[in-house]
Amino acid sequence: MTASANTLLEVKDLKVAYGGIHAVKGINLEVKEGELVALIGANGAGKTTTLKTLMGMVKPAGGEILFKNQSTAKIEAHDYVRHGLVMVPEGRGIFGRLTVEENLLMGAYWRDDKAQIANDLERVYQLFPRVKERYKQLAGTLSGGEQQMVAMGRALMSRPKLLLLDEPSMGLAPIIVQKIFEIIRMVAAEGVTMLLVEQNAKLALQTANRGYVMESGKVTFSDDAAALLSNEKVQQAYLGE
Amino acid sequence: MTSTINSAEFRANNLKTTLVLGVIAVVLAILPWALGHFFESGNSWLRAVDFALLYIMLALGLNIVVGYAGLLDLGYIAFYAVGAYTFALLNSPHLQAVIPEWLFQPNFFVMMLIAAFVAGVFGVLLGSPTLKLRGDYLAIVTLGFGEIIRIFMNNLDRPINITNGPQGINNIPAVQFAGYDLGRPIEFLGVSFEKIHLYYYLILAMCFFIIFVSMRLQRSRIGRAWVAIREDEIAANAMGINTRNVKLLAFAMGASFGGVAGALFASFQGFVSPESFTLMESIMVLAMVVLGGMGNIPGVILGAVIVSITPEILRDVINPLQQALVGRKVVDPENLRMLIFGLAMIVIMLVRPAGLWPSKQRRAELAPKTKTISQQENDSLQDAERNHD
Ligand SMILES: Nc1ncnc2c1ncn2[C@@H]1O[C@H](COP(=O)(O)OP(=O)(O)OP(=O)(O)O)[C@@H](O)[C@H]1O
Ligand SMILES: [Mg+2]
């Protein structure tokens, strides 16, 4: 795996520890421009930790993260979004006391192109008509599925170059999960590069171009999504087949 | 964004607001005369109103820190003290040997700016070491800060006499406004305005200014950033909010409101001493914010008026009431007054835990859940099915 010209994100031998607990034990990852990459693995494998580290929310114990061929080590937490790194966190990170529209506008907090922001807002409302219906409602009073849509809409308002999604299907009814994945495909079709962490491994691999499998802090498989789907070991461990 | 504003509704609301504001303006304009007309002790009531206005400013300042940014500050009165002492030190005869007279006339605008600035600096001073703290931890540190400021004021009379210690600073002049000395009666249209009247209008004007700034802040990008930080600091950070600076700004803005109120207080009162700035005062201002409705400007104003005026009303009512009911003085009226006041606060908070006039956010947060989460999920599931194709 060598970095090519269109490599957006490159993670080299990344290690993360919480005190004495080694949550991530030296992993390598790569995301190319325009790709949708899935990161799957059991509970506690270190997926969320990896994403948080990519966003600068957790400091790595070793290794290197290159975004657009530049180290992210010196970027301050509040400047990641300006570089195009955006995450929809586990549990969505919605601002419950702000209205739906205010939440979406928070995504554009760092931008000052007013006209473009208004355009993007319209685009998000087109993508999520249900969100538009509730633009005045306090985001904290939305249902889980609606909150996930707001979280994704807010992320899009940030104009991400790389969008990190942490378990977008968590706690949602199957039909809403389908809807969310439909939207993920639409967003991908618009050319947004994504790294998708999911418990629902099957759906994630069906949606993604490539995939990584994590097991207690290490990457154990990495391949095209289709290949992982037909890999016997992966099937046994994660696809319930 | 523009597409979502219903303009007819907006205009109707505007008209109603204008009418309400008009009535309020007239009432406030004639209030000093009305008080003088209806009460023997009209001036002492007017004084109480002046203080209520100062408390509104303080409560709105604390509301920025506690209500918007969610940072519990138990030492807020320190900024009031800083504003008051700043004005006092720059204007009283006490430091005249050091500060040349020509440098500082008690010019209203200059003084307000300086007081706001100095208090703002103290706000940052308190804010920067406490950036990582929240909730109860922050409360303890701010409490300590408030006490430290007061103790400094109490003791900075040695080795060099700066604050004049427990005696405080006397002979503070009134401010000068457009060439007028507000300490002297001014004739206007054949009516003589005394100091207490002049200050009433001045404080009222400042109060409106502060309300205006508060409202603008709330709807601004910064206002939303404060709420976002309060909700989820990490998520706010990821939105590109420099949480450090934005929090410091909350401390500085809140403190500067307090500083302005303090400077007005010092020049109105004519003297300052440390005992005006006790922990009890901080708690009272916090009570105003919480009891009125944290984060909601009208609520906070209401809270400030009620908490500052009620004890004054009780002072006048309690003795006659006691006489009428029991026929003699049973309990010391001063104690009874505070007892009733305390009970009233407890009852209000029990009946209206979100405050008397909460913002819709607070109301939603504290409202009993009518539907369980699973019911809500079910509803939205059905909605989704309907909308699916
Ligand atoms: N703040 C923390 N302090 C200490 N240990 C932590 C912390 N956060 C995570 N861990 C530990 O690190 C390991 C990896 O956690 P992580 O949240 O990254 O897993 P995950 O793959 O996202 O799991 P899940 O699928 O359940 O979300 C776990 O053993 C967890 O207990
Ligand atoms: Mg996780």
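In which sense do strand E1 and strand E4 of chain A pair, and over how many bridges? Antiparallel, over five bridges: that's E1, residues 7–18, alongside E4, residues 62–67, both in chain A.

Hi everyone. Before I go on, please keep in mind that this is a predicted model. The predictor gives the complex an ipTM of 0.88 and a pTM of 0.85. I'll come back to confidence at the end.

Let's stay with E4(A) for a moment. On to E5(A): two bridges join E4(A) to E5(A), and those strands run antiparallel. Leu66(A) has Ser71(A) in E5(A) as its bridge partner. Together E4(A) and E5(A) make a hairpin with two residues between them, and in that turn Lys68(A) has a positive phi of about 50°.

Where does it sit? Glu76(A) is in the loop between strand E5 (70–71) and helix H2 (80–83) of chain A. Glu76(A) counts as partly exposed because its relative accessibility is 40%. Glu76(A) is 34 residues from Trp110(A) in sequence, and their C-alpha atoms are 14 Å apart in space.

Okay, now the six-stranded sheet. Chain A has an open sheet of six strands, in the order E6-E7-E8-E3-E9-E10, with mixed pairing. The edges are E6 (85–88) and E10 (218–224), each of which pairs on one side only. Going from one strand to the next, the twist averages 15°. As a quick reminder, strands of a sheet pair through backbone hydrogen bonds, either parallel or antiparallel. At the E10 end, strand E9 (residues 210–215) of chain A pairs with E10(A) in the antiparallel sense over six bridges. There, Glu215(A) stands opposite Lys218(A) in E10(A).

What lies across this sheet? One of the helices is H1 (residues 47–54) of chain A, which lies across E3, E6, E7, E8 and E9 of chain A and runs at about 150° to E7(A). Another is helix H6 (residues 144–157) of chain A, lying across E6 and E7 and running at about 175° to E6(A).

Which residues coordinate the magnesium ion, ligand 2? They are Thr48(A), through OG1, and Glu90(A), through OE, at 1.8 to 2.7 Å. Thr48(A) lies in helix H1 and Glu90(A) in the loop between E6 and helix H3 (100–107) of chain A, so the pair ties together parts that are 42 residues apart in sequence. Thr48(A) is buried, with a relative accessible area of 19%, while Glu90(A) is partly exposed at 36%.

Next, salt bridges. Side chains of opposite charge can pair when their charged atoms come close. Over all chains, the structure holds 18 salt bridges. Let me show you a few.

Arg210(A) and Glu35(A) meet in a salt bridge at 2.6 Å, N to O. Arg210(A) is in strand E9, and Glu35(A) is in the loop between strand E2 (21–32) and E3 of chain A, 175 residues apart. Are these two buried or exposed? Arg210(A) is buried, and so is Glu35(A).

Then there's Lys132(A) with Glu122(A), at 3.9 Å, N to O. This pair links helix H5 (residues 129–133) and helix H4 (residues 114–127) of chain A, and the two residues are ten apart. Lys132(A) counts as partly exposed at 37% relative accessibility, and Glu122(A) does too, at 27%.

Over in chain B, Arg184(B) forms a salt bridge with Asp181(B), with the closest N and O atoms 3.4 Å apart. Arg184(B) is exposed, with a relative accessible area of 55%, whereas Asp181(B) is partly exposed at 23%. Salt bridges that share partners also join Arg111(A), Asp113(A), Asp120(A) and Arg159(A) into one network.

Last topic: confidence in chain B. Its mean pLDDT is 85, and 89% of its residues reach 70 or more.

Technical notes. Residues numbered from 1 in each chain as written. Chains lettered and ligands numbered in written order. Predicted model: local features only at pLDDT ≥ 70, side-chain atom pairs only at ≥ 80, totals over all residues. Heavy atoms only, no water. Pairing = 2+ DSSP bridges. Helix = DSSP H or I, 4+ residues; strand = E, 2+ residues; numbered from the N terminus. Axes fitted to C-alpha atoms, helices over the stretch in contact; angles between N-to-C directions. Contact = heavy atoms within 4.5 Å. Donors = N, O, S within 2.8 Å, 3.2 Å for Na, K, Ca; no water. Buried < 20%, exposed > 50% of the residue type's maximum accessible area, 1.4 Å probe, protein only. pLDDT = per-residue confidence, 0-100. Salt bridge = Lys/Arg side-chain N within 4 Å of Asp/Glu carboxyl O.
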